[in-house]
Protein chains: 2
Amino acid sequence: MTADAAPVTPAPLFGTAVVAGVGLIGGSVALGLRQRFLARTVIGLDANMDVLREAEALGVVDEVRAAPGEWLRGADLVILAAPMRALTGLARDLAPYVNPGALVTDVGSVKGGIAAEMERLGVRSFVAGHPMAGSERGGVTHASASLLENAVWVLTPTESTPLTALSRARLLVEHLGAAPVVMPPDAHDALVATISHLPYLASLALTHMVARDERLSLLAAGGFRDLTRVASGDPRMSRDMVVENKDALRGALTRFRKQLERLEADLDDPEELLAAAHEGKRTRDSLPVVKRSLLPAKFDLVVAVPDKPNQIGAVTQALGAAHVNIKDIEVLAIREEGGALRLGLESPEEVQRAAALLRAQGFEVRGRG
Amino acid sequence: MTADAAPVTPAPLFGTAVVAGVGLIGGSVALGLRQRFLARTVIGLDANMDVLREAEALGVVDEVRAAPGEWLRGADLVILAAPMRALTGLARDLAPYVNPGALVTDVGSVKGGIAAEMERLGVRSFVAGHPMAGSERGGVTHASASLLENAVWVLTPTESTPLTALSRARLLVEHLGAAPVVMPPDAHDALVATISHLPYLASLALTHMVARDERLSLLAAGGFRDLTRVASGDPRMSRDMVVENKDALRGALTRFRKQLERLEADLDDPEELLAAAHEGKRTRDSLPVVKRSLLPAKFDLVVAVPDKPNQIGAVTQALGAAHVNIKDIEVLAIREEGGALRLGLESPEEVQRAAALLRAQGFEVRGRG
């Protein structure tokens, strides 16, 4: 291979990205940015040094910082991923250092307050966002780029959000493998009150009924466990989420009570109740299922591929010649400048061997670690 | 091996067992009775000939009958496993033919009505029961003996239930691998109203809110899907279940509304709400998890082992000598007369080969098919 034909890593979407708050979601975004070559450097900002050390050890971020400062001016992407209760304070701490040209976004689950706060702070290029992804297991340890894959990621611009910022935010979300959905902040908050915060309260109310009678927990297997899984999430984060959205949640509770009353009345009208049961099943069965990669992320290797003919062939041939068994292959985030190729391999050792082989041929590669 | 040393299959608990209604639960009970050698003959009774043909083809029952009749007098175990709405009618149809010495039980999810009906019909040896097991996928096709393993199986004797009938019912449940829990019918109905019927109504109310606004279903992934899984069950069975138990359910709804109101008030008292969130998590996380066999039942082979020294060794050595790979082994239902050994093998072919080998040595064996 001549020097001229050597692969050239495509230019990333962002130069320096800062993820402020390196928990489950922040860590997953950081991993997505790194593994999909979306930022040249990913800096993790967190007040907790243990979290930063773990994020660095896990290869979630390239660099870490314990406090905001002048260094932030170099970032052209800033993602606020702190818990809800810390979000406004974090925005205030960061605002003085944010480059006016940087895209700023957040990942909080309630959107009414943060956009107004950013406007007040004079951060113009802000687009509030909410990736609808999560897990009962929080923390950077459980972070994974695949958590965001195919997730709905709501973006909530206000009337004063620049359209250029919105389209950059949309591009970021798409390149992270998620599906952007744009709506006003109050519409988002009403929707999540119904499909997330109300179910949490209902689930909590059910567990409290069981807590008041221990004989119940003996029988409460199966369906009841499914139904109360959301009550098993982090109590403080769940509490903050519903309190932050309490106005919209009260509206959803009122509508929920009406539905329950109607169903209670239908107990004396079995034909009507049967129709309600059919309608419930139809609706439930039509809910979208989010498909994610099935391969464990830790045996993944991502290779940057320039937009030149037969680059995928060059990668697979190099590995095939060395008897590396490619168990899964997927093209990620193709842009005009090229893209990235995710390879699923058999073991961490194979990932290391393949990485060394490809680096020797001039490819840029990234794994989970 | 001399004729004297040949294995003798232990005597089963019951001679002829009749399972009336061969659906998911009835079929699973029938399979349990056969696979664990608890009855010499299992007869499936169902008005639907297609169901009977399928049950026979799947090896769920030994014989089939399309209608009750004099033949029923030969049964010493009768299990009513028809859907709730057909249960009383079935009891009336069968009662004239039931042997007074036979143990009669049912598997319905509401217990108040059936015991009184049986008393009226003069069936003395009746013990109402409710195995707390199920699946969204109904029908004999999905029946499996493992569905009942470790499941809580409530038995609800009345003041007039003979204690001998209760202890036989308890023995039956234990030998099917489930855990019997005894309580009065009205206590059972109040408990299931809270942990099963109320959650179903709540789940239905949530899906109805989504049905009224299609934008919601776009975002309704993850937690919302978990929470509404029970709304995806068979509409008619679910409807019958809640209507049958409507009095207890109304009580549960009243208590649920109180819990919701308290939580709504706590939206203005974040410390109290945090305590409620912690209590909910503690309760949810302490719910029992039902452990079932992980091996697919279809590669299972069950061998009857007499209560003599080294019978398990005789089985494993015979298979080892023929290079049959035993992937899992479990001792089922040991009684004084001996017991049964479940072997997990690698393929249906291995099951057939092992069955032939063991039969040649005088063992009685049963597989899924």
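Modeller: Let us begin with a term: a salt bridge is a side-chain nitrogen of Lys or Arg within 4 Å of a carboxyl oxygen of Asp or Glu. Please bear in mind that this is a predicted model.

Colleague: How many salt bridges are there between chain B and chain A?

Modeller: The count is 8. In one of these, the side chains of Arg250(B) and Asp268(A) meet at 2.9 Å, N to O.

Colleague: Which helix of chain B gives the most to the side that touches chain A?

Modeller: That is H6(B), with 17 residues. The residues on this side of chain B comprise 46 nonpolar, 13 polar and 21 charged.

Colleague: How is the size of an interface expressed?

Modeller: It is often given as the accessible area lost when the parts come together. Here chain B and chain A bury about 7900 Å² between them, and 70% of that lies on carbon and sulfur atoms. Within chain B, the residues that lose the most area to chain A are Leu219(B), Leu267(B) and Arg284(B), together 10% of what that side buries.

Colleague: What is the strand order of the open sheet in chain B?

Modeller: Its 8 strands follow the order E3-E2-E1-E4-E5-E6-E7-E8, with mixed pairing. The edge strands, E3 (63-65) and E8 (179-182) of chain B, each pair on one side only. Within the sheet, strands E5 and E6 of chain B run parallel and are joined by 2 bridges; Thr105(B) has Val127(B) in E6(B) as its bridge partner.

Terms used
Residues are numbered from 1 along each chain as its sequence is written. Chains are lettered from A and ligands numbered from 1 in the order in which they are written. This is a predicted model: local features need pLDDT of at least 70, side-chain atom pairs count only at pLDDT 80 or more; totals for chains, interfaces and linings use all residues. Side-chain values use heavy atoms; hydrogens and water are left out. Buried area is the accessible area (1.4 Å probe) that two parts lose on being put together, summed over both. Helices (H or I, at least four residues) and strands (E, at least two) are DSSP runs, numbered from the N terminus. Ala, Val, Leu, Ile, Met, Phe, Trp, Tyr, Cys and Pro count as nonpolar, Asp, Glu, Lys and Arg as charged, and the others, Gly among them, as polar. Two strands pair if DSSP finds at least two bridges between them.
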